Amino acid sequence: MSTFRILLTPGDGIGPEVMEEATKVLGRVERRFRHEFVYDEEKLGGAAIDAYGTALRAETVAKAKQSAAVLFGAVGGPKWDDPKATVRPEDAILGMRKQLGLFANLRPVRVHPLLLGDSTLKPEVLEGTDMVVIRELTGGLYFGKPKKRWTNAAGRQGVDTLRYSEKEIVRICHVAFQLARQRRKKVTSVDKANVLRTGQLWREVATEVGREYPDVTLDHLLVDACAMHLLRRPASFDVIVTENMFGDILTDEAAMLAGSMGMMPSASLGRRRKDGTGIGLYEPIHGSAPDITGQGKANPLAMILSAAMMLRLSLGLEAEAAAIESAVDGVIAGGYRTPDIAGAGTTVVDTRKMGTLVAERL
Ligand code: IPM
Ligand code: MG
């Protein structure tokens, strides 16, 4: 029997509700596959601002570093939304990424055949869509310095800095090419090389790294064109690799291909060990959804699928991850839906019931 330490950070809004369903499912994995998951739990985001006055405590980061993985719910909500506030719930996720060195964010976008009708796009456009967006996560506009606001004689001013080093681009490109090798062997690198110096550097470095992977096809798209092609020919993409801010925007767009953000897991990874595993942070991309918090409407599948990614990428438990994914497919095939993905002829269930259905199939 193997034992793994996992840090749970349910966070705010629907975070705690969906987290409960993920641990319910993990409990079944423990019994069926004879593992032991030892959990630690920490407040962060708005919950930590209320309790400790800071979104992310040093203790939380220290506990994360002692764990095999962090399972992260969501942060944020109207209560902490004052734009002038000096502490913000988002500091928690940005701090975790930076302090754990999680530079690669993997966001798979797979359109489930039975949910084709839930998207705002036509089913014939969506058919066959199966991509992974790899977003650089610890550089670019989010973290570049200077980053500040000030006032001078001309009025209020603000600056953020878009800066990338060759090394940062090289390592994220390797993640993309290695993943493409396990998939359809196609990488699309996305930049703004027609305007930005960092974009030119990005394209140059991506091309150089690409030469080390002659078996993988590389093409380049400008970010605005990519935004368009995601809607026009989503099924043509395999692996997309891009800088932090572009990745933030494109992944919300890509999530809508799947009909609901409630289905989309993500993994944030740093350096890997020889066996390919390493600490990671796993979170649904849907956010805290304050409008539906506490109503049993939240779709726990993104959180449950994030837990599956955790088993695969940080714990090295491939069969267990695949078992969760096929249980989720089975529940969808059985016609069960949370309200966000409900359609004609389906059975609408609440957050808890959805979690129970997945757990029972394991
Ligand atoms: C995401 C989110 C975060 C980001 C926010 C909450 C800071 O939008 O993970 O995509 O911008 O990275
Ligand atoms: Mg985002």
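Predicted model: local features only at pLDDT ≥ 70, side-chain atom pairs only at ≥ 80, totals over all residues.
Is W202 buried or exposed? W202 is buried, with a relative accessible area of 2%.

**Stop 1: the partner of W202**

Y164 and W202 form an edge-to-face aromatic pair. Their rings are 5.5 Å apart centre to centre, with 75 degrees between the planes. Now colour by secondary structure. Y164 sits in the loop between β7 (155–161) and α6 (166–181), while W202 belongs to helix α7 (residues 197–210). The pair links distant parts of the chain, 38 residues apart. Y164 also counts as buried, at 8% relative accessibility.

**Stop 2: F4 and F37**

The structure holds 3 aromatic pairs. Another one of them joins F4 and F37, and this pair is tilted. Check the geometry: 6.1 Å centre to centre and 50 degrees between the planes. F4 lies in strand β1 (residues 2–11) and F37 in strand β2 (residues 35–41), so the pair ties together parts 33 residues apart in sequence. F4 is buried at 15% relative accessibility. F37 is buried too, at 5%.

**Stop 3: ligand 1**

Select ligand 1 and show its surroundings. E90, R97, R107, R135, Y142 and D248 surround ligand 1. The shell divides into 1 nonpolar, no polar and 5 charged residues. Colour by domain next. Domain 1 (1–110 + 261–362) and domain 2 (120–258) each supply at least three residues of the shell.

Now look at distances from oxygen atoms of ligand 1 to side-chain N or O atoms:

- Y142: 2.5 Å
- R97: 2.7 Å
- D248: 2.9 Å

Finish with a surface view. On its own, ligand 1 has 320 Å² of accessible area, and the protein covers 73% of that.

Technical notes
Residues numbered from 1 in each chain as written. Chains lettered and ligands numbered in written order. Heavy atoms only, no water. Near = heavy atom within 4 Å. Polar contact = N/O pair within 3.5 Å; in protein donor to acceptor, adjacent residues only side chain to side chain. Areas by Shrake-Rupley, 256 points an atom, 1.4 Å probe, with all protein chains shown as cover. Nonpolar A, V, L, I, M, F, W, Y, C, P; charged D, E, K, R; others polar. Domains from an automatic or database assignment. Phe/Tyr/Trp six-rings, centres within 6.5 Å; stacked < 30°, edge-to-face > 60°. Helix = DSSP H or I, 4+ residues; strand = E, 2+ residues; numbered from the N terminus. Buried < 20%, exposed > 50% of the residue type's maximum accessible area, 1.4 Å probe, protein only.
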